Amino acid sequence: MSAQDPPHASGPRRPHNEQPPPRGANPLRRTSDRAEAWCSGFLLAVLVPGLPVASVSAGLAVHESTMRTVQAQSAERFQVTARVTSAPEAASGGAADEKQKVQVRWTDKDGRQQTGSAPAPLDKTAGSTVRIWVDRGGTVKNPPMSASNAKAGGWLMGGMTAVGVYAGFVAARKGMRLALDRRRYAQWDAEWDRVEPLWSARFHR
């Protein structure tokens, strides 16, 4: 460093024709910084109203769809009393809510005898009765879905949609940051290629 250089000079001098930054402006704020702030604000502005709207819409759609299924199953299925014709031996130590497949016989609305297999508690043996669900064709069915199933499905889909929307927001913001960082690194390399010779020349005087 030359002795004539001012003590506060630690880098290349500012060109004489360079205009000072506007009053109140941050000279270190780059264009990429402004772009990042704008993109982050835009994504946040989309997230705040978009997340609740998307989750509520998805939850309501699933609830309404499931409720149509509930209504259709409730209209098609009904309970009848059937008699167990044969049942496997109950396993010892089984839980009270466990089921077993048994052969049953019942009389339909037209007075015809129907047979089939249905789930029944473990304590049901041949000759005992059990309530089963059948459709109009006489086929044994599972109990129809309930309104609580539709509500639970709606809440589940709404929650999953909210998580998905937020994950999309995080991924978009991270992708934007990575793209801007790559551009910043390239700019830093280009600027250093221009500035480095000036720094080197100061130490070779």
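Select Ser55: at 12% relative accessibility, this residue counts as buried, where buried means under 20% relative accessible area, exposed over 50% and partly exposed in between, with a 1.4 Å probe and protein chains only. The model is predicted, so local features need pLDDT of at least 70 and side-chain atom pairs count only at pLDDT 80 or more, whereas totals for chains, interfaces and linings use all residues. Residues are numbered from 1 along each chain as its sequence is written, and side-chain values use heavy atoms, with hydrogens and water left out.

**Around Ser55**

Ser55 belongs to helix H1, residues 31-76; helices (H or I, at least four residues) and strands (E, at least two) are DSSP runs, numbered from the N terminus. Display the side chain of Ser55: one of its polar atoms lies 2.9 Å from the backbone oxygen of Leu51. Leaving aside residues up to four places away in sequence, Ser55 touches Gly158, Thr161 and Ala162, a contact being heavy atoms within 4.5 Å.

Thr161 counts as buried at 17% relative accessibility. With residues up to four places away again not counted, Thr161 touches Ala54, Ser55 and Ala58.

**Along H1**

Centre on Gly50, where H1 bends by about 35 degrees, with Pro52 following within four residues. The bend is the angle between axes fitted to the seven residues ending at a position and the seven starting there. Colour the buried residues of H1, among them Leu43, Leu47, Ser55, Ala58 and Val70.

**The sheet**

Turn to the strands. Five of them form an open sheet in the order E3-E2-E1-E4-E5, with antiparallel pairing; two strands pair if DSSP finds at least two bridges between them. Strand E3 (113-121) and strand E5 (140-141) stand at the edges, each with a single partner strand, so one side of each has no neighbour in the sheet.

Select E1 (77-86) together with E4: H1 lies across both strands and runs at about 55 degrees to E1. Axes here are lines fitted to C-alpha atoms, for helices over the stretch in contact, and angles run from 0 to 180 degrees between N-to-C directions. E1 and E4 pair in the antiparallel sense over seven bridges, and Arg83 has Thr129 in E4 as its bridge partner.

Within E1, pick Ala82. Ala82 counts as buried at 1% relative accessibility. Beyond residues up to four places away in sequence, Ala82 touches Val104, Arg105, Trp106, Ser128, Thr129, Val130 and Ile132.

Continue to E4 (residues 129-135), which pairs with E5 in the antiparallel sense over two bridges. Trp133 has Lys141 in E5 as its bridge partner. In the hairpin of E4 and E5, which has four residues between the strands, Gly138 takes a positive phi near 85 degrees.

**The whole chain**

Finally, zoom out. The protein chain comprises two helices and five strands, following the pattern α-β-β-β-β-β-α along the sequence. Of its 205 residues, 23% count as buried.

Methods. A polar contact is a pair of N or O atoms within 3.5 Å; within protein, one must be able to donate a hydrogen and the other to accept it, and residues adjacent in sequence count only if both atoms are side-chain atoms.
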